[in-house]
Amino acid sequence: MAYGGFSLGDLISINVCHLAGLAMQGKIDMKKQITKMSYIWLALILMSILAFGLSKLDLIRLGINKSYLITAVMLLTITKAKLITGFFMELNSASTLWRRSFNTYIVIVPVVTALAYGFA
Amino acid sequence: MAECTGLENQQGLIAPREFKSLLLRHKHRKGANLIEISAFLLFSILIIIKVILAFLRYVITRLIFPRVNTVLNSPMTENKPITSTLVAASESVSTDVNTTRLSGDLAVWFFILAEVTVFAIFFFAYCSMYYLKTDMFVESQLALHPIAGLINTIALISSSYLVAVAVIYAKNQKNSHARWAIFASLLLSMIYVATKLWEYNILISAGYGLSTNTFFMFYFFITGFHFMHVLLGMFILILVYRNLAHPEFLPGNINTVESAASYWHMVDLVWVILFPLMYVI
């Protein structure tokens, strides 16, 4: 049983190899995705600790204006929120409307907070 | 003998002490009433917005876009042979790079949008009150425990990360791995619950409550509302964990896992904004 030089066995083995290759590729992709998520998690933790550490600084002794602290903490918050929505919630691969809706949210709320705290 | 009250410079008269104190009390009371009325109006508007959003969500998901959900769910619900599924997956890997896709059900995303809107209104109300009563807010914030806030932040971010990993496993149909990730995520969320309850206990034992002042009203209300969302998210994750035990659950229900994960990430997102607002600055 041959089809133009290929036997049925060859066809089956090609398909099996193709599927095995896909499975291997899927495994590699999965590992890459998990590694990427791990880096994002690490960045989120570090930024949270940094924001907390900034709040513990003695601003008066260091001669730093409080508005700088508020701006720094809010920038960290926006970055953290962007990472969560973009990668954890997978909005980076969503439609523009959804992405923009959440981007607007994660920018407007910290900015309003920073203004209220800054002018108070 | 009447004491000097300061009013004699303006009117040329010496006013009795009681008169001035009554006047001040009246003025203070008038200000307090205004704040209470504005807070009441704000919460009323909030509830109305929430009802309108829920109605819109229902109309859009059930009446306007009924086919969107059907189309999103239909490829997963069909029982296709494994080879065709794999080939389709390989094709989708090569072609889906530039296409857009929302993770989870559309209805859940409308729900998430409504929830974050509600929290945004709370945050705006909190910020406006902070602006009006800065001294009282700053003084009251000293009673909180920032370390507890940091522990909660780390617990929720780690929990969210593990749920994201569970989704990756679920997409690759590794049920047992996904279950372990969700189980670990649930354990971390329990750390959040324990820390929050401990913090509430400490504050209530010290005599702070909803009626102490405006700051604590906002603190207990917003964090309590968020706490309820965490409990609901945990319940949903437990359901997903239980369903993942069935091997036939995954090929057709990846949308369910993604929806649960999206909700959990929303809870994390709200806390990420809440943490600096209450504890850091």
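Colleague: How do the axes of α3(A) and α10(B) cross?
Modeller: Bear in mind that this is a predicted model. The axes of α3 (residues 66-88) of chain A and α10 (residues 250-280) of chain B come within 9 Å and cross at roughly 175 degrees. Angles over 145 degrees count as roughly antiparallel, so that is what α3(A) and α10(B) are to each other.
Colleague: Which residues make the contact?
Modeller: On α3(A), they include A:Val73, A:Ala81, A:Ile84 and A:Phe88. From α10(B), B:Leu269, B:Val272, B:Ile273 and B:Pro276 are among them.
Colleague: And by class?
Modeller: The contact of α3(A) with α10(B) has 9 nonpolar, 3 polar and 2 charged residues.
Colleague: Zooming out, how many residues of chain B are in contact with chain A?
Modeller: 40 of them, in contact with 39 residues of chain A. On the chain B side, α4, α5, α7 and α10 each give two or more residues.
Colleague: Which one gives the most?
Modeller: α7(B), with 11 residues. By class, the side of chain B that touches chain A divides into 26 nonpolar, 12 polar and 2 charged residues.
Colleague: OK, switching to α7(B) itself. How many residues does it have, and how far does it reach?
Modeller: α7(B) runs over residues 146-171, which is 26 residues, and spans 38 Å from its first C-alpha to its last. That is close to the 38 Å expected at 1.5 Å a residue.
Colleague: Why call α7(B) largely enclosed?
Modeller: Because 20 of its 26 residues are buried.
Colleague: What follows α7(B)?
Modeller: B:Gln173, which has a positive phi, near 55 degrees.

Technical notes. Residues numbered from 1 in each chain as written. Chains lettered and ligands numbered in written order. Predicted model: local features only at pLDDT ≥ 70, side-chain atom pairs only at ≥ 80, totals over all residues. Helix = DSSP H or I, 4+ residues; strand = E, 2+ residues; numbered from the N terminus. Expected span 1.5 Å × (residues − 1). Buried ≥ 20, exposed ≤ 12 C-beta atoms within 10 Å, placed from the backbone. Axes fitted to C-alpha atoms, helices over the stretch in contact; angles between N-to-C directions. Parallel < 35°, antiparallel > 145°, perpendicular 65-115°, else oblique. Contact = placed C-beta atoms within 7 Å. Nonpolar A, V, L, I, M, F, W, Y, C, P; charged D, E, K, R; others polar.
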